[in-house]
Amino acid sequence: MVRRAAFQINGIEVAPGQTASVDLPVSVLPDHTPVNLRVIVVHGRTEGPTAFVSAAIHGDEVNGVEVARRLLGQKALRGLKGTLLVVPIVNTFGFLNRSRYLPDRRDLNRSFPGSEGGSLAARLAHLFLHDVVLRCDFGIDLHSAAVNRTNLPQTRVSPDDTGLMELARVFGAPVIIPSTERSGSLRAEARKRGVETLLYEAGEGLRVDDASVKIGVAGILKVLRHRGMLGVRGQTKAPAKTPAKPPTRSPRAPLLARRSLWERAPIGGILTTYRKDGDIVSEGDLLARVANPFGGEEAELRAGVDGLVIGHAVMPVVNEGDAVFHIAQIERPVTENVVLDEIAQHLSRDPLFDEDEII
């Protein structure tokens, strides 16, 4: 049998069946402290697809960092087929500064494909794209909500991409949000170059939410298994003396959002919320109140549609017009029997957009 070739990256060879941490030089800080893009390479013993998992393209999105960390500790990866590249922190500069952006205030997720001789953001985007993403068949990019907001765990896919819709169904987050790609984003550039990229949004910036992390780790493992990179659970027979486990309930199918809207603060003041992510609301339900901090005036915020709360503000101080509750109108559960082409065609006529555009 022919031995599988080693995986080469930055002059380092990772042998089949081995895991290695490889640093790709990015830049140096003003005090000449080196800054690297650290890639954890899990190179399976047998052939298979190559995939990436990335987090903290926005430096304040630490929830994804924890997903990546726990993923690397999973015993299932010992039997990996193919190669997995895990980058727990893409934007080291933002991560160290607890900031979404790079030091020059550029958004890395609006800087792709980047260039070798451009701004700091352009150089980092170029390095990550060419040394990691374009070496893969597909990937999963981990995100959290914008500052002072939180998101119900959800996957985001392009409205007309039935292949990614299938991966989103397999991932199994509570909601699938079809959203139009933004120019300069990793998702848009990767798709243009033939690398399917599923985006997972969950939790709050600068916070780690345990439930969101568990859903993220489980979702990634399910996708890897679906793509043939991990063995199917249950292939190994249990010892004869082991009592059979009672059957577990099948996981609930993800819900597909048909459209979504933000309910906004009617006045500025102190926000008191009465709903949370995952709540089902009906048109007219009371979501929150905003009160004048000096007394007197209060204004109610009510749901404008029937739907599911998929995100909300967590900062109690709001300005008039601030986005407070993100409500998705649900199309239907997404199961294997759903005709994905029909869903994609429907959503192309009524697309959703990325959070930055909605806010």
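**Confidence, helix packing and a sheet**

Tutor: This is a predicted model. The protein has an average pLDDT of 89, and 86% of the residues score at least 70. For residues 234–242 the pLDDT is below 50, and beyond near neighbours in sequence this stretch has zero contacts in the model.

Student: What describes the packing of two helices?
Tutor: Two packed helices are described by the angle between their axes and by the distance between the axes.

Student: Which residues make the contact between α4 and α6?
Tutor: From α4 come Glu 166, Leu 167, Val 170 and Phe 171; from α6 come Ile 215, Gly 216, Gly 219, Ile 220, Lys 222, Val 223 and His 226. By class, this contact of α4 with α6 has six nonpolar, three polar and two charged residues.

Student: What makes α1 and α6 oblique to each other?
Tutor: The axes of α1 (residues 62–72) and α6 cross at roughly 50° and come within 9 Å. Angles under 35 degrees count as roughly parallel, and roughly perpendicular begins at 65; roughly 50° lies between these limits, so α1 and α6 are oblique to each other. The crossing of α1 and α6 is right-handed.

Student: Which residues of α1 meet α6?
Tutor: Asn 63, Glu 66, Val 67, Arg 70 and Leu 71 do so, and their counterparts in α6 include Asp 210, Lys 214 and Val 217. The contact of α1 with α6 divides into six nonpolar, three polar and four charged residues.

Student: Why are β15 and β17 said to stand at the edges of their sheet?
Tutor: Four strands form an open, antiparallel sheet in the order β15-β14-β12-β17. β15 (298–302) and β17 (317–318) each have a single partner strand, so one side of each is left without a neighbour in the sheet.

Student: How do you know that β12 and β17 pair?
Tutor: Pairing requires at least two bridges, and two bridges join β12 (residues 269–273) to β17, the strands running antiparallel. Ile 270 stands opposite Val 317 in β17.

Conventions:
Residues are numbered from 1 along each chain as its sequence is written. This is a predicted model: local features need pLDDT of at least 70, side-chain atom pairs count only at pLDDT 80 or more; totals for chains, interfaces and linings use all residues. Side-chain values use heavy atoms; hydrogens and water are left out. Contact means heavy atoms within 4.5 Å. Ala, Val, Leu, Ile, Met, Phe, Trp, Tyr, Cys and Pro count as nonpolar, Asp, Glu, Lys and Arg as charged, and the others, Gly among them, as polar. pLDDT is the predictor's confidence in each residue, from 0 to 100. Axes are lines fitted to C-alpha atoms, for helices over the stretch in contact, and angles run from 0 to 180 degrees between N-to-C directions. Angles under 35 degrees count as roughly parallel, over 145 as roughly antiparallel, 65 to 115 as roughly perpendicular and the rest as oblique. A crossing is left-handed if the near helix is turned anticlockwise from the far one by less than a right angle, and right-handed if clockwise.
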